[in-house]
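Subject: Structure handover

Hello,

Here is the structure I promised to pass on. Please open it first, then read my notes below.

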Amino acid sequence: ERCADGFYGDALNNGTCQECQCNGHASLCSHASGLCSCRSYGVTGQHCERCGVSYEGNSTNGGFCFLRLLDGLSNIFRVPSIYHSAQFVVRPRRDCTLDLKFESTVLFDFRLTIQNEANVNGKESTIRTVKRTKALTVTMKASDFNFNGKQPLRVYLSNFNSTFGSRMTITLRYKREIDLLVVFVTFLACFLFLLFLAFSGWHIKQYVSFWMLRQSRLQEVEAMCNRPFIHVQVAVDRAEELKSRQLSSSKVPPVAMQPLCAPLNVSLCTFLIRLPGDQQALPAHNQPGLALASTFLSTKRPRHKQFQDGAARHKGRLGGLRDRLSRLRW
């Protein structure tokens with residue numbers, strides 16, 4: 001009066017029974033409606049013909065639905081007892097070492113595959129297979145597999161034999177491989193760049209200092225060239241008179257004196273000097289005997305003289321005040 005297991009339909013009155021159409025994901029279905037009991041994690045539909053939300057793949061004709069694992073987190077799954085397999089996918093990063101860690105409360109079979117770009121038909125190459133285990137750690141170096149960010153790694157977990165379901169934790173982490181040659185070249189390039197910056201800064205500083213010094217020299221020369229010209233009559237003593245007279249250098253008046261900056265109290269003074277000669281104070285043959293010399297002199301009065309002048313003025317003020325007081329007393 002009903003169809004056998006694995007078939008559905010109406011067997012009464014010489015009816016017909018059809019085989020369950022579950023696309024290879026279940027062997028049993030509802031005897032009346034043919035609704036399949038999908039036993040692959042992530043596969044859904046009346047005939048197990050589509051993947052669930054957040055899954056990728058194609059479940060028809062025995063295909064699988066894959067759940068993408070999150071990076072840096074512990075992916076925790078509670079697998080009901082109805083399911084006997086689960087599939088996951090990982091797209092490794094370029095030039096990174098991949099660490100996969102599996103932990104489960106029940107025994108399971110593990111198979112890891114990779115799909116290379118060279119496989120035109122999408123065939124997968126098996127990397128590792130483990131039978132009946134509860135914990136497993138897989139490390140894959142980028143240098144060994146040449147990850148390019150497009151090759152999917154597919155994880156197949158099957159044969160979950162549990163009456164009350166199972167709990168599974170999958171951890172995915174990436175570690176970037178350090179190339180010592182690249183590190184050394186980068187460090188050397190940064191060091192040379194900083195050295196170049198330091199040398200350029202020092203060179204610019206030297207150039208600016210030289211330019212400022214040159215400008216100050218040009219200003220001095222310009223100030224000297226802009227002095228007014230005057231006619232000065234000079235009486236030069238004879239040699240015998242020069243020996244008898246002892247002139248103090250402090251009493252020698254300048255030929256010309258030009259005040260410069262008022263706040264600095266500096267003047268440019270020009271003197272007429274006698275050049276050294278022979279024993280008779282005469283210059284040598286074809287040699288000058290007189291020369292003009294310029295120098296900067298401070299025209300600011302010494303502090304002790306200013307103090308004396310101030311004291312004298314203060315004393316004068318006190319004397320005037322005393323006279324006024326005496327007149328008031330009288």
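Is Cys269 buried or exposed? Cys269 is buried, at 2% relative accessible area. Buried means under 20% relative accessible area, exposed over 50%, and partly exposed in between, with a 1.4 Å probe and protein chains only. Cys190 is partly exposed, at 44%.

Some ground rules. This is a predicted model: local features need pLDDT of at least 70, side-chain atom pairs count only at pLDDT 80 or more, and totals for chains, interfaces and linings use all residues. Residues are numbered from 1 along each chain as its sequence is written, and side-chain values use heavy atoms, with hydrogens and water left out.

Disulfides

There are 5 disulfides, counted as pairs of cysteine sulfur atoms within 2.5 Å. Counting bonded cysteines along the chain, the pattern is 1-2, 3-5, 4-6, 7-8, 9-10.

- Cys3 to Cys17: S to S is 1.8 Å. The S-S torsion is about -85°, so this disulfide is left-handed. Cys3 precedes strand 1 (7-9) and Cys17 is in strand 2, so parts 14 residues apart in sequence are tied together. Strands (E, at least two residues) are DSSP runs, numbered from the N terminus. Cys3 is buried at 2%, whereas Cys17 is partly exposed at 34%.
- Cys38 to Cys48: S to S is 1.9 Å. This link is left-handed, with -110° about the S-S bond. Cys38 is buried at 9%, and Cys48 is buried at 0%.
- Cys51 to Cys65: S to S is 1.9 Å. This one is left-handed too, at -85°. Cys51 lies in strand 4 and Cys65 in strand 6.

Aromatic rings

The whole structure holds 9 aromatic pairs. Rings of Phe, Tyr and Trp (its six-membered ring) pair if their centres lie within 6.5 Å; planes under 30 degrees apart count as stacked, over 60 as edge-to-face, the rest as tilted. Tyr41 and Phe77 have ring centres 6.5 Å apart and planes at 80°, so they are edge-to-face. They sit 36 residues apart, with Tyr41 in the loop between strands 2 and 3 and Phe77 in strand 7. Tyr41 is buried at 16%; Phe77 is buried at 10%. Ring pairs link Tyr41, Tyr55, Phe77, Tyr83 and Phe88 into a cluster.

Charges over rings

Arg111 lies over the face of Tyr156, 4.3 Å from the ring centre. The charged end of Arg154 sits over Phe66, 5.0 Å from its ring centre. The rule: NZ of Lys or CZ of Arg within 6 Å of the ring centre and within 35 degrees of the ring normal.

Best wishes

Note on methods: Helix = DSSP H or I, 4+ residues; strand = E, 2+ residues; numbered from the N terminus.
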